[in-house]
Amino acid sequence: MEKNGNNHKLRVCVATCNRADYSKLAPIMFGIKAEPQFFELDVVVLGSHLIDDYGNTYRMIEQDDFDIHTRLHTIVRGEDEAAMVESVGLALVKLPDVLNRLKPDIMIVHGDRFDALALATSAALMNIRILHIEGGEVSGTIDDSIRHAITKLAHYHVCCTRSAEQHLIAMCEDHDRILLAGCPSYDKLLSARNKDYMSIIRMWLGEDVKTRDYIVALQHPVTTDIKHSIKMFELTLDALISFKKRTLVLFPNVDAGSKEMVRVMRKKGIEHHPNFRAVKHVPFDQFIQLVAHAGCMIGNSSCGVREVGAFGTPVINLGTRQTGRETGENVLHVRDADTQDKILHALHLQFGKQYPCSKIYGDGNAVPRILKFLKSIDLKEPLQKKFCFPPVKDSISQDIDHILETQSALAVDLGGTNLRVAIVSMKGEIVKKYTQLNPKTYEDRLELILKMCIEAASEAVNVNCRILGVGIGGGIVHQHELIHGSSFCAAELGHIVVSLDGPECLCGSQGCIEAYASGIALQREAKKLHDEDLLLVEGMSMKKEEVVSAAHLIQAAKLGNTKADSILRTAGTALGLGVVNILHTMNPSLVILSGVLASHYVNAVKDVINQQALSSVKTVDVVVSNLADPALLGAASLVLDYTTRRIY
């Protein structure tokens, strides 16, 4: 148990309520029992397991050599809606004493029965971790609501299909606490090989029955529409009587309406009909063999749409009880029927067919995955579960720490000469600024940027600023909001290509605006002139160790250096052509040039617009920003605008 940090065996309580859930829980129980060095197993039996009319199915648990620690009589007879509610209440009254006595580390709860809801409610309120088996599935009736309610109470989830996993995630459950394992019963189904299956068939259906020449029928009441489900059961029995094939009919479960369904069976004489065998319970190992070799299974049990697919046995699913379940091609649905004819027609279509085996619900390896998942549970983790909600409107309540903090961004300006990083507040105030000379190599630049950002982030703590993100780049404002683009790379305006054979850009392309008009581009041209002794004119001087920069080029142009002036005009023209492209694409009402070079380019940009732009966009205003650090403020606004929105 070193992996999960627990220093004792994991005490696991498995609670089983009926024959159906035991078929799913038994493989897990056997797995837990086989590893006593890791687990202690406590078995609690309640619900219809302890009722004679439903077969006293607790005996099969004893036959499997499990010690039953507690038997709880929780079913209030009546088989109606009120009896179901009273049964839940009775279980809630009795369970606290049991759980106080057992003190399990974790309780395993299966499925969607009302008994399971009582188990999950009790465990949750008593701060016991819950592992829910088969959450996330979809079916009809009240079962859906109960299943999803248990999901909300459970701390860990074992699901059987990819769709169920996605449903749990959509229900805001923590993905790290969801295990896609497959159905535990499939571990047994896919390994079931009984050479003596004929003796099982003869024992339950008679000596003269052959394989693929009998029917298994299992139908339960639909608690949200009891009257209609009883009518469907009548029609099903009428169709089976007319079909004249040997049929094994299992009694329905304990849900509301089951008493009326039993009355229908007796009214039609099913228990004494020569073609029928009516039974309360069949042990799961034998039931597997019966459905595996049947000519057809009919009814509305989840077993029909789940487990039977493992054998390719034809299934007729009746009514709405399993609406939404994933099914294989072996299932034919009869959603509604006014007469027996539709069901009878379905029997003629399905009986005796053999379909490919389906593994939608499992591959036979669920139990090893579940045991590994159990071993990974860290009991030191907080018990309170968390939900992974999608983004919604921010809460209007406030936290004092947030009030005292200044929401801020780290802004990065990748200049030609200098790299600059600043902490910028929500009000647009530069709290602190860092400036370093731009290294020559790409690797050194990245290393320096990272170092400066780390330094600034550390300092932000000292000046009580909460950094919301890091911003780099320019921007396009549309309807008072920045355009970010699908990958937050919108407005890379410097890399608009204005010439196919222009100078090489740092991005690897040729003829970008940046290759003509950036500070680095002007510095490059200034250095060329200086190397040819064509830069300095009268009135200029440079120290020997002084680095040539764009400022020297601008100064030379002002003092009458025609070559320097020509370079600036070319740069301004390139920028103007880029702006024209933007005008034709975005049709903005305002163009703002910012940075130290903006004032030198503004006239050239206006000239190009007048010469090259369509008449519909020529009237656009082109102005120079008067902000002290427009690049830093613009980069910060990318972060502050996005992270502080109330609706995304």
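A residue counts as buried when its relative accessible area is under 20%. Keep that cut-off in mind for Leu 529: its relative accessibility is 8%, so this residue is buried. Everything here comes from a predicted model, so let's take a walk through what that model shows.

**Around Leu 529**

Leu 529 sits in helix H18, which covers residues 519-531. What does Leu 529 touch, once its neighbours within four places in sequence are set aside? Its contacts are Leu 534, Leu 535, Leu 553, Lys 563, Ala 564 and Ile 567. Asn 464 is another matter: 65 residues separate Leu 529 and Asn 464 in sequence, and their C-alpha atoms are 48 Å apart in space.

**The whole protein**

Now zoom out. The protein has 22 helices and 21 strands. Its C-alpha atoms fill a box of roughly 120 × 55 × 45 Å along the principal axes. The radius of gyration is 38 Å, while a compact globule of 648 residues would come out near 26 Å.

The protein exposes about 31500 Å², and 53% of that comes from carbon and sulfur atoms. If you look at contacts between residues at least 6 apart in sequence, 67% of them join residues at least 24 apart.

**The seven-stranded sheet**

Start with the open sheet of 7 strands, where the pairing is parallel and the order is E3-E2-E1-E4-E5-E6-E7. Which strands are at its edges? They are E3 (68-72) and E7 (178-180), and each pairs on one side only. Neighbouring strands in this sheet are turned by 20° against each other on average, ignoring direction.

Helix H1 (residues 19-33) packs on this sheet and touches E1, E2, E4 (106-110) and E5 (129-133), at about 160° to the direction of E1. Helix H4 (residues 114-125) lies across E1, E2, E4 and E5 too, running at about 160° to E4.

Zoom in on E1 (residues 10-16) and E2, which run parallel and are joined by 7 bridges. Within that pair, Arg 11 stands opposite Glu 40 of E2. Strand E2 (residues 39-46) is largely enclosed by the rest of the structure, because 7 of its 8 residues are buried.

**The six-stranded sheet**

Another open sheet has 6 strands in the order E10-E9-E8-E11-E12-E13, again with parallel pairing.

Strand E9 (residues 246-250) pairs with E10 over 4 bridges in the parallel sense, and Val 249 stands opposite Ala 278 in E10. Helix H8 (residues 197-205) packs on the sheet, touching E8 (214-218), E9 and E10, and its direction makes about 80° with that of E9. Helix H9 lies across E8, E9, E10, E11 (296-299), E12 (315-318) and E13, running at about 170° to E8.

| H1 | E1 | about 160° |

**Nonpolar cores**

The largest nonpolar core has 61 residues, and Ile 298 and Leu 347 have the most contacts inside it. Helix H9 (residues 226-243) supplies the largest share of this core, 9 residues. Apart from this core lies another one of 37 residues, among them Ile 513, Leu 575, Val 580 and Ile 582.

Which residues does Leu 347 touch, not counting those up to four places away in sequence? They are Ile 215, Ala 239, Leu 240, Phe 243, Cys 296, Ile 298 and Ile 316.

**One more enclosed helix**

Helix H11 (residues 284-292) is largely enclosed by the rest of the structure, because 7 of its 9 residues are buried. The buried ones in H11 are Phe 284, Phe 287, Ile 288, Gln 289, Leu 290, Val 291 and Ala 292.

Terms used
Residues numbered from 1 in each chain as written. Predicted model: local features only at pLDDT ≥ 70, side-chain atom pairs only at ≥ 80, totals over all residues. Heavy atoms only, no water. Core = buried A, V, L, I, M, F, W, Y, C linked by side-chain atoms within 4.5 Å. Buried < 20%, exposed > 50% of the residue type's maximum accessible area, 1.4 Å probe, protein only. Helix = DSSP H or I, 4+ residues; strand = E, 2+ residues; numbered from the N terminus. Contact = heavy atoms within 4.5 Å. Pairing = 2+ DSSP bridges. Axes fitted to C-alpha atoms, helices over the stretch in contact; angles between N-to-C directions. Rg over C-alpha atoms; globule rule 2.2 N^0.38 Å. Areas by Shrake-Rupley, 256 points an atom, 1.4 Å probe, with all protein chains shown as cover.
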